[in-house]
Amino acid sequence: MPTETKLRHSTAMILQAIDAGYVYGFSIMAMTGLPSGTVYPAMRRLEEDELVRSRWERQSIADREQRPPRKYFELTAAGLATLQSSRRRYPLLERLIPAKERKPV
Amino acid sequence: MTDLLASILRAVHVGLLRGASFLAPDELRAEWMQDWQSELWYVQRECRSMGSRRLGGEVKVAAFCLGAYQDALYLRRKEWRERPLLNQMRGSASACLFSLAAILAGSYGAGFLLPGVRAERHLSGYRLYSVPLARSAMLDEKMPGYKAGYVDGVATYRISRERIWAAQNARNEWMVAHATPNLFTLLDLPVRFLPPARGLPRDLPNLILSDEVWRRDFGGDREIAGRVVRVGLRTARIAGVAGSWRLPGKVDAWLLESDFDSGADGAGHAIAHLTPSGDFKTGPRWAISLFAILLALLSLPALTSIRKGEYAAGYQAPSRKSRLSRWAFLLAKIAMLIPIVYFTSIDIAYSCVSLFSPVSGYLHFACSFAICLSGIDWIFRDQRQRCPICLRRVTHPAKVGQPSMIFELICASGHTLLYLPDLPSDWFSAQRWLYLDASWRFMLAAPATGMNER
């Protein structure tokens, strides 16, 4: 029987933010208003549970734009399913963090 | 904001991250640091764009960096959780004894950091009495055992505000303790810059300065010994500088007078140095704890259950070796609790109440009693929740919330099942152990899975 992961509201907000297009740590912090000490450990836990996956931006892209490379996050299929159940549990989630227009990463 | 200040703040932010990185496990530290430094760059860029609200931005950056400590701690805890040795230790008897040993070491070590407790240790073997020195007869009355040979030395002092004429006609007012000449030798307090015994003429009384006055009024002059000052109506010669003073009263200087009149008017203090037998007779600190522990043991059955809860559900019983180790574990916990009670109650009593205050004795007693009572209660509750075979805490629920209102907990190693009645009845009032055979252990080999709240 598959196990269901119940998320706290703050963790559900982080998943919603990633789904809404806020795909790196600082933008998630800015969007959710959560402190860094909450966001980064929560994202590590989500990654361990395979609800999100991360990848480092290519160095060449960062060099071209003269900035350090970023670590991008995206939802996995399990993460998307968990987010759907979290939206049922927290109905205001989508209104709190609406999807933004996605730019190609 | 100047560039210099900006560079300093940037260095502080990186320093905060560097400090946090030491909490992260070694093998992850480099990537962790890269991750946070990269994010810091974006946070700083965002804050630089805030213009006039720059200070608020810098606070935001600092708050961001402090969050790194939580992240690094999360990684460190995760590493600990995944260590097999720590997993084995969790809930085991050795982990319990190790925790008690850590508490014991902490309570003993805390005494060295708390000034009141340090003083109490330093002055153990002394008794201090606040007596009206106008009635010198009170000395004998107030000091039990003075005549019985429990005391081998007495010094007295009285504090008064005096005008001081030091060098360059500078005039100050100090709190001066007029004392008998043996005050410092009796207390074994060190005096700095003390000249050799024959170095100074004995024509004048000796004045010993406090460290604060020496620095404030004499600029820390190391050649201070021998200088003559006027203290009120008397002339005295400075003999040295004393270290820390922990007896009652704030004192700027001590005037050691060979003709100190303990019969003069005014209240003062008398200090008696106790002989070893006198220290015992007048009640050492450990006697207070011992009495409190005995009282707690006597009152324990009225306040909590002292059953060890070793009732078997069937005819099975643990081996003799298991029973012996269970007893040894119980006695070891009690043996460690006693010094914990002693040191912790001393830490509490003498860290917040002034030395030799009668309140400290009562507080010491009350703390000893309370800590002992709660400690023994915990020891028995802990003992009842430990598997009689492996002495691990039985924490895995096997059945919860059934109509029978009986809770079942199973040993993580599969040795025993513990039945706990939620509503004790005539036929089932105490917990019972069911000893499981080896066929149960395979069920507990795989880690448990279930609903997770993340």
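Reader: In which sense do strand 5 and strand 8 of chain B pair, and over how many bridges?

Author: Happy to start there, with the reminder that this is a predicted model. Strand 5 (residues 206-209) of chain B and strand 8 of chain B are antiparallel partners, and 4 bridges link them. To find one of these on screen, look at L209(B), whose bridge partner in strand 8 is A253(B).

Reader: Which residues of strand 8 of chain B lie on one side, and which on the other?

Author: The general idea comes first: side chains in a regular strand alternate between the two faces of the sheet. In strand 8 (residues 253-256) of chain B, A253(B) and L255(B) lie on one side, while W254(B) and L256(B) lie on the other. These four residues are all buried, so both faces of the strand are covered, a residue being buried when 20 or more other C-beta atoms lie within 10 Å of its own.

Reader: What about strand 5 and strand 7 of chain B: is their pairing parallel or antiparallel?

Author: That pair is parallel, again with 4 bridges.

Reader: Which strands run antiparallel to strand 7 of chain B?

Author: Strand 6 (residues 228-231) of chain B is one of them, joined to strand 7 by 4 bridges.

Reader: Now chain A, please. How many helices and strands does chain A have?

Author: Chain A has 6 helices and 3 strands. Followed along the sequence, their order is β-α-α-α-β-α-β-α-α. Of the 105 residues in chain A, 31% are buried.

Reader: At what angle do the axes of helix 1 and helix 3 of chain A cross?

Author: A packed pair of helices is described by the angle and the distance between the axes. For helix 1 (residues 9-19) and helix 3 (residues 36-48) of chain A, the axes cross at roughly 75° and come within 10 Å. The two helices are therefore roughly perpendicular to each other.

Reader: Which residues meet where helix 1 and helix 3 of chain A touch?

Author: From helix 1 come S10(A), T11(A), I14(A) and L15(A), and they meet T38(A), V39(A), A42(A), M43(A) and L46(A) of helix 3. The residues of this contact comprise 6 nonpolar, 3 polar and no charged.

Conventions
Residues numbered from 1 in each chain as written. Chains lettered and ligands numbered in written order. Predicted model: local features only at pLDDT ≥ 70, side-chain atom pairs only at ≥ 80, totals over all residues. Axes fitted to C-alpha atoms, helices over the stretch in contact; angles between N-to-C directions. Parallel < 35°, antiparallel > 145°, perpendicular 65-115°, else oblique. Contact = placed C-beta atoms within 7 Å. Nonpolar A, V, L, I, M, F, W, Y, C, P; charged D, E, K, R; others polar. Buried ≥ 20, exposed ≤ 12 C-beta atoms within 10 Å, placed from the backbone. Pairing = 2+ DSSP bridges.
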